[in-house]
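User: I'd like to go through this structure with you and ask where the labels come from. Here it is.

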Amino acid sequence: MQLDKKHVGHEFKAFTTAVEAGRVKLFCKAIGEEDPIYVDEAAAKAAGYRALPVPPTFLQAITNDDPEKGGLLRLLNVDIGLILHGEQHYDYYAPVHVGDRITCQQKVVDIYDKKGGALWFVVSETSMKDQTGKPVAKATGITVVRNPDAGKK
Amino acid sequence: MATVPKFDQVKVGDAIKPIVLPPISRHQLALYCGGSGDHNPIHVDIDFAKKFGFKDVFAHGMLSMGFLGRLVTSYAPRDRIRKLGTRFTSITWVGDVITLSGKVTGKREENGEKLIDLEIKCTNQNGQDTLQGHATVAAA
């Protein structure tokens, strides 16, 4: 297995999704987050937020709303069972709240291998803007692909 | 709830109060599958995980990054977080007991903001780091 570096620069189709209160509530339950500011409007307002904010890594739930989710794996022709998450980084420019509509645009920024091609690394960046067009965050992820052919002659 | 750190009072080397989490459960992985929208079966379907050479299902890296988010928002309010990032350095298995810890590694001013840099990590019951991350928060 070898990944084609020609995909560097590929831009995926942008999509827009709404930030929903129920989804944030489930996300908080999953990570064990009990701060009421994420689920109780009165608590959020008392803490100075205009609406319910979202936990820092809830941005992943937003990017996973892509109607063409899995596009990166299809582009690279990689099986989902072979991938691991190598790194994830978020830059926060402005708060995201329940009720916002976020537009995400993902692109491939680098592809490289290590250990003689046993592992491949795909770096992608997703820009995120709110309904007014204001940038709210940048998400940078590194997907690691385990080469199923590694070690075989 | 966290209060905004005061720049002048923060010292490099200051520790964030650690958080010890309950053991990772299969139920938690199912909740995270739904909450995050990461539907990769490798985290919830043991048959699928075995097919790809794993002994069992294992936690989403992003679940643990969510824990790091909790650690950072225990140190500074949500709207003061400017950066959060991590490397996923080893797999987190069902039953693992994760401790979240962190410390201040730097103080600087940028774009008119007083920033505090943090080193943060998840460590399992064997003392192995599963995530090695960093964060930047804006102080007052």
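Analyst: Let's start with what counts as an element: helices (H or I, at least four residues) and strands (E, at least two) are DSSP runs, numbered from the N terminus. By that rule chain A has 4 helices and 5 strands, and from the N terminus on they run β-α-α-α-α-β-β-β-β. One caveat: this is a predicted model, where local features need pLDDT of at least 70, side-chain atom pairs count only at pLDDT 80 or more, and totals for chains, interfaces and linings use all residues. Residues are numbered from 1 along each chain as its sequence is written, with chains lettered from A and ligands numbered from 1 in the order in which they are written.

User: What makes a residue of α1(A) buried, and which ones are?

Analyst: A residue is buried if 20 or more other C-beta atoms lie within 10 Å of its own, exposed if 12 or fewer, and partly exposed in between, with C-beta atoms placed from the backbone. In α1(A), residues 21-31, the ones that pass are A:Arg23, A:Val24, A:Phe27, A:Cys28, A:Ala30 and A:Ile31.

User: Why are they said to be on the same side of α1(A)?

Analyst: The arc is taken over the directions from the helix axis to the C-beta atoms. Here they cover only 160° around the axis, which puts them on the same side of α1(A). They pack against α3 (59-63) of chain A, together with α1 and α3 of chain B.

User: What makes β1(B) hardly covered?

Analyst: The count of buried residues among the 6 residues of β1(B), 15-20, is 0.

User: How do you know that β1(B) and β3(B) pair?

Analyst: Two strands pair if DSSP finds at least two bridges between them. β1(B) and β3(B) (residues 99-110) have 4 bridges, in the antiparallel sense, so they qualify.

User: What makes two residues "in contact", and how many of chain B touch chain A?

Analyst: Their C-beta atoms, placed from the backbone, must lie within 7 Å. On that test, 35 residues of chain B are in contact with 32 residues of chain A. The largest share of chain B's side, 10 residues, comes from α3(B).
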